[in-house]
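I opened the model to look up how its chains meet. My entries are below, in the order I made them.

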Amino acid sequence: MLQTETTTTGVGLPEKSAFSWRKVGVFFGALTVFYLLINVYLRLFAFSKGLDYTSQDYSTYWMGMLLTEFVVEAITAAALWGWLWITRDRALDRLTPAEELTRYWAWAAIVLSYAFSVYVGASFFTEQDGTWHNTVVRDTDFTPSHIVEFYLTFPIYIIFGVASLIYAMTRLPQFATRISLPYVILIGSPIMIMPNIGLNEFGHTRWFMEELFVAPLHWGFAFFGWGGLAIFGVGLQACPRIMALIHHVYYGKPILSASEVLKDPTGTCDPACCYPASEA
Amino acid sequence: MEEIQADAEAKRVTRRFEWFLLVTIALVLMGTYHLHQELFAGDWSFWLDWKDRNWWPIIAPVSAIAYPAATQWLLWTKFRMPFGATLCALLLLLAEWLSRYWNFWDWTHYPLNFVFPETFVPAAVVLDVLLMLTGNWVVTALIGGELWGWLFYPTNWIMIAPYHVPVEYQGALMSVADVISYMYVRTSTPEYLRIVETGTMRSFAGGVTGVAAFFSGFLAAILYAVWWIVGALFGGTKFFKPYAVATEELRKAREKGWDAGRTV
């Protein structure tokens with residue numbers, strides 16, 4: 001079933017400011033500055049205060065940071081996810097196309113935050129952990145690079161990922177009544193990297209291993225990272241709906257209404273609908 | 001006039017959503033492809049002395065074929081865009097260089113010519129062109145997969161050749177890469193000696209790299225097909241009904257006599 005079968009009435013154009021780069025830019029600027037500051041902290045105190053787990057400096061500079069991370073992350077996750085749930089839309093069937101389109105913009109910003117955090121955690125700080133372990137012999141599971149990589153950057157992408165999923169399921173008709181398989185994989189699979197740290201740390205604790213980065217003990221991280229490929233499926237689900245909304249809002253083309261999408265979102269996923277407005 | 005304004009606004013909004021989508025996909029690919037590659041072939045990528053002529057030409061390309069094949073599935077089958085593999089190779093290279101520069105060189109102070117990454121861009125261009133010309137993923141797997149394995153070493157050789165020049169160091173014959181390696185002993189050095197410096201690599205005159213590349217191409221051809229299918233699976237648009245909805249539908253169906261004709 002294609003999106004062109006049914007129409008809805010009452011088209012209103014969204015405000016231009018609804019699709020502003022400014023808020024997105026400010027948010028990403030803040031996020032980038034935050035990661036830079038974390039990197040600066042690591043450079044200042046990893047080698048100077050982070051080589052001896054039994055020292056007082058280690059407790060002050062690194063274990064203190066770890067405990068702070070746990071507390072702040074738990075509060076942030078509970079507050080953000082709770083707020084998204086409490087303020088959920090309870091009348092999604094009456095959602096106008098213009099409002100739905102602006103919500104996709106907000107959703108895209110959250111998903112982009114997730115993607116950026118996945119890059120920072122899985123790519124940049126993971127290799128940083130590699131060069132750290134090749135330089136320093138570890139004497140604890142909670143090495144400075146782990147306190148940044150495992151217990152800071154990984155929870156951050158989990159917080160953004162789950163937040164995007166809650167936002168989609170509570171505010172976008174396409175994801176409200178059905179569970180998107182690729183979306184669950186996109187968020188759930190990288191989440192499993194966090195429990196996989198248990199396996200990793202057990203292995204490094206039980207066996208005094210040389211720091212071979214390609215050791216099979218590490219493969220669980222890569223396996224769960226593959227879930228990132230599900231961005232393909234999520235994109236193929238959302239893209240046609242977004243384009244259909246643009247065609248409808250600005251050109252008056254027919255579209256499935258919110259209530260129809262709620263009944264059957266599969267009709268919104270035809271990639272043939274995913275072409276630019278200029279070709280409408 | 002209003003129509004023109006609406007058209008302009010529609011194009012503006014469309015472009016912005018496209019940027020969101022492109023950057024999001026690029027960041028996820030950078031993050032997870034790099035994670036994949038560093039955990040399956042990372043040590044060979046990190047260190048110059050690991051870039052041997054026996055294992056490196058096998059492990060690096062065989063691992064790296066995964067994401068290009070999966071991304072080609074998306075971009076070719078859904079949008080007829082023939083640059084999925086090149087896109088992945090460039091994103092991987094960018095992610096690796098960002099890390100090597102800031103982490104390996106700027107933080108732990110290894111020289112850049114000791115930690116520069118390999119490149120898959122030339123082989124990826126060949127893979128993309130093959131898919132574009134044939135339009136057939138099986139042919140691309142068979143020919144492109146083989147070429148992916150064969151092309152890896154020659155297309156990287158120009159970068160590593162200066163470090164394979166033989167030198168005499170404290171009475172022993174070794175390569176420039178070895179000398180740098182012994183200046184920068186790492187915790188993975190024993191593994192390097194055990195894995196790389198084994199077998200007949202040093203004494204088996206000629207043929208080592210060619211056979212390794214041949215084997216690499218064989219594995220890459222198989223894995224291309226596997227990862228193309230993986231791309232299709234992850235690119236699926238399946239929705240599931242939540243438990244409550246499925247239960248409600250079952251209840252309604254029963255009320256309509258759905259199971260009236262069933263025998264117990």
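Predicted model: local features only at pLDDT ≥ 70, side-chain atom pairs only at ≥ 80, totals over all residues.

These entries cover the interface and the contacts across it.

Residues are numbered from 1 along each chain as its sequence is written, chains are lettered from A and ligands numbered from 1 in the order in which they are written, and side-chain values use heavy atoms, with hydrogens and water left out.

Extent: I find 78 residues of chain A in contact (heavy atoms within 4.5 Å) with 77 residues of chain B. The two chains bury about 6,900 Å² (accessible area, 1.4 Å probe, lost on being put together and summed over both), 72% of it on carbon and sulfur atoms. On the chain A side, A:Glu127, A:Asn134 and A:Phe232 lose the most area to chain B, together 11% of what that side buries.

One pairs A:Arg178 with B:Glu249, with the closest N and O atoms 3.7 Å apart.

Elements: I looked up which parts of chain A supply at least two residues each to the side that touches chain B; among them are α1 (21–49), α3 (97–135) and α9 (231–251) (helices are DSSP runs of H or I, at least four residues). Helix α3(A) gives the most, with 22 residues.

Notes. Salt bridge = Lys/Arg side-chain N within 4 Å of Asp/Glu carboxyl O.
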